[in-house]
Amino acid sequence: MAAKETWERLYSSNNVKAEIDKIYTSDFFFDFVRHFDKDPHPYELYKGVFDTVEAYLIGKREYATHYSELREHSGIHLRRAGIAARTLQNSLKQLSKSALAETLLHDNFGKHLQSQNGRGHDAYNSVVFRNGPSHPLEFLQELSNAFALAVNDIKPLPEEDEEAENRSARFHARHFANEFNEEHATSLGKIAVHHALESAAVAFRPTWEQFSSEKYARGRYRHERGGYDSMAVFALYRIISKIDSTIKETLVGTAIENIRSQPKID
């Protein structure tokens with residue numbers, strides 16, 4: 001099995017910032033700063049690199065989402081997940097009336113998340129750190145409610161007194177995925193295969209234009225070096241090539257040229 005690209009590890013990381021800090025070290029920035037001629041502030045340069053990497057990862061997700069579709073039984077699972085979330089929210093609301101019940105559940109909840117030590121554990125720790133001890137499961141109640149509302153936005157949930165799974169509900173849930181996919185397919189425009197690279201080019205543009213007097217463009221193609229004569233292209237390539245070895249310098253130049261007409265981000 002081929003080794004994963006670094007971006008693939010970042011894509012599913014539980015601590016993207018820590019991983020990025022290991023990749024883009026002080027040695028990287030010591031050399032990287034030479035691409036700019038306006039004495040960039042170290043933090044602003046770091047932020048520019050971080051935003052660029054983040055945009056690349058989000059672009060990968062957007063591309064995958066754009067060409068994905070709901071599976072045959074997604075309608076059934078969406079409906080069940082939404083109903084379960086709504087039921088959980090209601091149950092937690094009732095449990096909050098008993099400090100003992102809520103505390104017991106909260107303590108055991110944290111214990112099991114601790115053993116998993118994944119994204120749920122990180123989210124739980126953040127809540128515990130930020131919130132006071134009153135109603136420790138209120139965050140889960142709010143998450144459950146938001147989850148149920150999110151499902152309802154996609155596929156309206158039945159009224160609570162209609163939640164028994166009947167044949168009509170199953171029938172509509174099974175056909176929901178096909179109907180949704182047909183509508184989704186007709187509404188989609190094309191997303192380029194290098195959408196993630198263009199997303200990164202958009203994100204890097206403000207940093208380049210703030211700290212360099214050179215135009216944010218791909219420049220002229222130089223056959224003798226097999227690439228574009230542009231410091232902006234080389235700077236962006238230096239960032240992306242650290243996480244994706246498949247990207248060529250010429251593709252970075254094309255990405256910058258493709259996004260030049262797009263509005264600048266603030």
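A salt bridge is a side-chain nitrogen of Lys or Arg within 4 Å of a carboxyl oxygen of Asp or Glu. The exercises below concern a predicted model.

**Exercise 1. Determine how many salt bridges the structure holds, and examine the bridge between K17 and D21.**

Solution. 

Step 1. The total for the structure is nine salt bridges.

Step 2. In the bridge between K17 and D21, the closest N and O atoms are 3.1 Å apart.

Step 3. K17 and D21 both belong to helix α2, and they are about one helical turn from each other because four residues separate them.

Step 4. The relative accessible area is 45% for K17, which is therefore partly exposed. D21, with a value of 31%, is likewise partly exposed.

**Exercise 2. Classify the ring pairs F29–Y46 and F36–W208, and locate their members in the chain.**

Solution. 

Step 1. The structure contains 16 aromatic pairs.

Step 2. The ring centres of F29 and Y46 are 6.1 Å apart, and their planes stand at 50 degrees, so this pair is tilted. Planes under 30 degrees apart would count as stacked, and planes over 60 degrees apart as edge-to-face.

Step 3. F36 is in the loop between α3 and α4, whereas W208 is in helix α10 (residues 195-211), and the two are 172 residues apart. Both F36 and W208 are buried.

Step 4. F29, Y46, F36 and W208 belong to a cluster linked by ring pairs, whose other members are Y24, F28, F32, F50, F204 and Y216.

**Exercise 3. Describe the largest nonpolar core: which residues touch the most other members, and which elements give two or more residues?**

Solution. 

Step 1. The core has 37 residues, and those that touch the most other members are Y24, F32, V53, Y56, F204, Y216 and I239.

Step 2. Two or more residues come from each of α1 (6-11), α2 (16-23), α3, α4, α10, α11 (231-241) and α12 (249-259). The largest share, eight residues, is given by α10.

Step 3. When neighbours within four places in sequence are left aside, F32 is in contact with L45, V49, F204, A235, R238 and I239.

Step 4. Another core, of seven residues, lies apart from the largest one and includes Y124, V127, L137 and L140.

**Exercise 4. State which lysine has its charged end over the ring of W7.**

Solution. 

The residue is K60, whose charged end sits 4.3 Å from the centre of the W7 ring.

**Exercise 5. Summarise the protein chain as a whole: what are its elements, how much of it is buried, and what is its accessible surface?**

Solution. 

Step 1. The chain has twelve helices and two strands. Along the sequence, their pattern is α-α-α-α-α-α-α-α-α-α-β-β-α-α.

Step 2. Of its 266 residues, 37% count as buried.

Step 3. Among contacts between residues at least 6 apart in sequence, 72% join residues at least 24 apart.

Step 4. The accessible surface amounts to about 16,800 Å², and carbon and sulfur atoms account for 53% of this area.

Note on methods: Residues numbered from 1 in each chain as written. Predicted model: local features only at pLDDT ≥ 70, side-chain atom pairs only at ≥ 80, totals over all residues. Heavy atoms only, no water. Phe/Tyr/Trp six-rings, centres within 6.5 Å; stacked < 30°, edge-to-face > 60°. Buried < 20%, exposed > 50% of the residue type's maximum accessible area, 1.4 Å probe, protein only. Lys NZ or Arg CZ within 6 Å of the ring centre and 35° of its normal. Core = buried A, V, L, I, M, F, W, Y, C linked by side-chain atoms within 4.5 Å. Contact = heavy atoms within 4.5 Å. Areas by Shrake-Rupley, 256 points an atom, 1.4 Å probe, with all protein chains shown as cover.
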